[in-house]
Amino acid sequence: MSFPDQPPAAAAEAPTLSPGQLARARSGEFQAFEPVYRAFARPVFNLAARLCGAAEADDVMQETFVTAHLKIAQYRGDGPLWGWLRRIAVNHCLMRLRWSL
């Protein structure tokens, strides 16, 4: 798995986006979603690897960002974007675990 050029984030440090970047991503512009991916690819992958295993992490990460891109307009902004993305990733992991039973 290769990640966008970014320094490794501290464990307790959540990635952030500027309000302008988030507003552009919420507008539905495809290229505007790239900063979201760049900021959150590593944390989403790490979460998926912990929950589903390394073999499923790439697929879960891809599904998470596809879902997020399709539904970014529904993000209300009540909490951090990371919390919203984390919930999407966890839901995808849970679906995969259910399918494997």
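Colleague: How many helices and how many strands are in the protein?
Modeller: This is a predicted model. From the N terminus on, its elements run α-α-α-α. The count is four helices and zero strands.

Colleague: Which element gives the most to the largest nonpolar core?
Modeller: That core has 27 residues. Helices H1 (19–26), H2 (34–52), H3 (54–71) and H4 (81–99) each give two or more residues to it. With nine residues, the top contributor is H2.

Colleague: Which residues have the most contacts inside that core?
Modeller: The core in question is the largest nonpolar one, with 27 residues. Trp 84 is on the list. Not counting residues up to four places away in sequence, Trp 84 touches Ala 68, Lys 71, Ile 72 and Tyr 75.

Colleague: What covers the buried residues of H2?
Modeller: The buried residues of H2 include Val 36, Phe 40, Val 44, Phe 45 and Leu 47. Pro 43 is also buried. The cover includes H1, H3 and H4.

Colleague: Where does H2 bend?
Modeller: The bend is about 50 degrees. A proline, Pro 43, follows within four residues of the bend. The bend itself is at Phe 40.

Colleague: Which residue follows H2, and what is its phi?
Modeller: H2 covers 34–52. Its buried residues include Cys 52. The residue that follows H2 is Gly 53, with a positive phi, near 100 degrees.

Colleague: Is Arg 38 buried, exposed or partly exposed, and why?
Modeller: Arg 38 sits in helix H2. Its C-alpha atom is separated by 9.5 Å from that of Pro 15, 23 residues apart along the chain. Buried needs under 20% relative accessible area, and exposed needs over 50%. Arg 38 has 38%, so the class is partly exposed.

Colleague: Why does Cys 52 count as buried?
Modeller: The cut-off for buried is under 20% relative accessible area. Cys 52 counts as buried because its relative accessibility is 16%.

Colleague: What is the relative accessible area of Cys 93, and how many disulfides are there?
Modeller: Cys 93 is buried, with a relative accessible area of 1%. A disulfide needs two cysteine sulfur atoms within 2.5 Å. By this rule, the number of disulfides is zero.

Conventions: Residues are numbered from 1 along each chain as its sequence is written. This is a predicted model: local features need pLDDT of at least 70, side-chain atom pairs count only at pLDDT 80 or more; totals for chains, interfaces and linings use all residues. Side-chain values use heavy atoms; hydrogens and water are left out. A nonpolar core is a set of buried Ala, Val, Leu, Ile, Met, Phe, Trp, Tyr and Cys residues joined through side-chain atoms within 4.5 Å. Buried means under 20% relative accessible area, exposed over 50%, partly exposed in between (1.4 Å probe, protein chains only). Contact means heavy atoms within 4.5 Å. The bend at a residue is the angle between axes fitted to the seven residues ending there and the seven starting there.
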